[in-house]
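Colleague: I'm new to this one and would like a close look at a single part of it. Could you walk me through it slowly, and then show me what lies around it?

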Amino acid sequence: MHRHLLVTGHNRAGSTLLYSMLQRSLSGFNIPGPEFPARAVLHMPGNTCSRRGYDIFDFDKIVRAAEGRKRLDMVVMLRDPRDILTSYDPRMPEDYACSADKSYFVASQGKPEQILPGILQTHEQIEKVIASGQLPDGVVMLKYEHLVENPRRIQNLLSAGLELSFSGDFGDFHKREIASHGSDLMGTRALDTSRIEKWRAPHHRDRIIDQFTRFPALNDILVSLGYEEDASWFEAFKNGGDLALTA
């Protein structure tokens with residue numbers, strides 16, 4: 001049976017980066033780009049791969065579309081919610097791209113609108129998908145930080161866990177041109193670990209305090225994903241601590 005590899009998960013959590021790595025190195029898969037809903041790709045012959053963060057909300061329909069046609073595997077991208085909350089989209093530098101309760105939709109024309117799910121809704125849906133048991137052997141939870149800090153290790157884990165073959169190295173993805181896998185997503189930029197824990201920069205302080213004050217459930221996500229042991233970090237942060245970064 002042919003396969004479909006679905007890359008989805010949190011907004012601003014590295015799905016574009018991973019997909020660009022796959023475009024340059026994954027063997028035996030048709031990988032269109034830059035973003036297609038999985039259900040628009042599943043009908044294509046052979047092994048296929050797609051990337052769309054909000055496909056996590058379309059999961060049940062994707063499973064039904066793949067049933068009897070293709071084996072479905074999924075990589076769910078995760079990231080420290082504080083870094084997601086302080087991420088920008090270059091198309092709208094005047095505001096943060098994603099909030100706890102909503103995210104911006106940026107169309108090719110027209111004004112950006114905050115009409116997409118935020119971190120809380122997305123994480124709730126991720127938990128529902130994992131708990132559904134519909135892909136007991138084909139779900140990989142991947143943190144952005146791990147991908148950036150040790151791409152070769154992540155590549156080896158994907159190879160072993162999802163039975164994938166690669167013709168190139170994730171760590172060298174920026175050096176390779178895309179031959180026939182579709183549109184380029186990331187250009188030729190090398191991996192940048194400086195984006196990890198950017199939320200600590202002083203100019204993000206008000207943003208973090210506002211979001212965690214209004215939406216304390218964000219702390220539950222931090223703890224569940226292992227970014228904090230409890231909520232005590234927030235009290236220290238509000239009192240002037242954790243300003244390790246200056247830019």
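In which helix is Arg82 found?

Modeller: Happy to. Keep in mind that this is a predicted model. Confidence first, then: the mean pLDDT of the chain is 90, and 91% of the residues reach 70 or more.

Arg82 is found in helix 3, which covers residues 81–85. Is its place buried or exposed? Arg82 has a relative accessible area of 2%, and since buried means under 20%, Arg82 counts as buried.

Now look at what the side chain of Arg82 does. There is a polar contact of 2.9 Å between the side chains of Arg82 and Asp80. The side chain of Arg82 also makes a polar contact with the side chain of Glu228, at 2.7 Å. If you set aside neighbours within four places in sequence, the residues in contact with Arg82 are Trp199, Ile208, Phe212, Leu222, Tyr227, Glu228 and Trp233.

You'll find Glu228 in the loop between helix 8 (217–224) and helix 9 (232–238). Glu228 has 19% relative accessibility, so with the limit for buried set at under 20%, Glu228 counts as buried too. Again leaving out neighbours within four places in sequence, Glu228 is in contact with Arg82, Leu222, Val223 and Trp233. Leu222 and Trp233 are on the contact list of Arg82 and on that of Glu228.

The domain assignment gives domain 1 as 3–88 + 117–175 and domain 2 as 198–239. The centres of the two domains, taken over C-alpha atoms, are separated by 26 Å. To the contact, domain 1 brings 14 residues and domain 2 brings 18 residues. Between them, domain 1 and domain 2 bury about 1500 Å², with 69% of that on carbon and sulfur atoms. On the domain 1 side, the residues that lose the most area to domain 2 are Arg82, Leu85 and Leu120, which together make up 44% of what that side buries.

Phi of Glu163 is near 55°, a positive value in a residue other than glycine. With 56% relative accessibility, Glu163 counts as exposed. Glu197 is found in the loop between helix 6 and helix 7 as well. Glu197 is not a glycine either, yet has a positive phi of about 60°. At 32% relative accessibility, Glu197 counts as partly exposed.

A word of caution about one segment: over residues 179–187, pLDDT stays under 50. The model has 27 contacts beyond four places in sequence for that segment. Where pLDDT is low, the predicted coordinates should not be read in detail.

Helix 1 is mostly covered, with ten of its eleven residues buried. Among the buried ones are Leu17, Leu18, Tyr19, Met21 and Leu22, and also Gln23 and Arg24. What do the buried residues of helix 1 pack against? They pack against strand 1 (2–9), strand 2 (48–51), strand 3 (70–78), strand 6, helix 5 (144–149) and helix 6.

Strand 6 is worth a stop of its own. Met141 is found in strand 6, which covers residues 139–143. Met141 is partly exposed, with a relative accessible area of 40%. Not counting residues up to four places away in sequence, Met141 touches Val76, Leu78, Ile126 and Ile130. The C-alpha atoms of Met141 and Gly9 are 8.8 Å from each other, while the two residues sit 132 residues apart along the chain.

Last, the cysteines. Cys49 is buried, with a relative accessible area of 0%, and Cys98 counts as buried at 2% relative accessibility.

Conventions
Residues numbered from 1 in each chain as written. Predicted model: local features only at pLDDT ≥ 70, side-chain atom pairs only at ≥ 80, totals over all residues. Heavy atoms only, no water. pLDDT = per-residue confidence, 0-100. Contact = heavy atoms within 4.5 Å. Helix = DSSP H or I, 4+ residues; strand = E, 2+ residues; numbered from the N terminus. Buried < 20%, exposed > 50% of the residue type's maximum accessible area, 1.4 Å probe, protein only. Domains from an automatic or database assignment. Buried area = accessible area lost by both parts, 1.4 Å probe. Polar contact = N/O pair within 3.5 Å; in protein donor to acceptor, adjacent residues only side chain to side chain.
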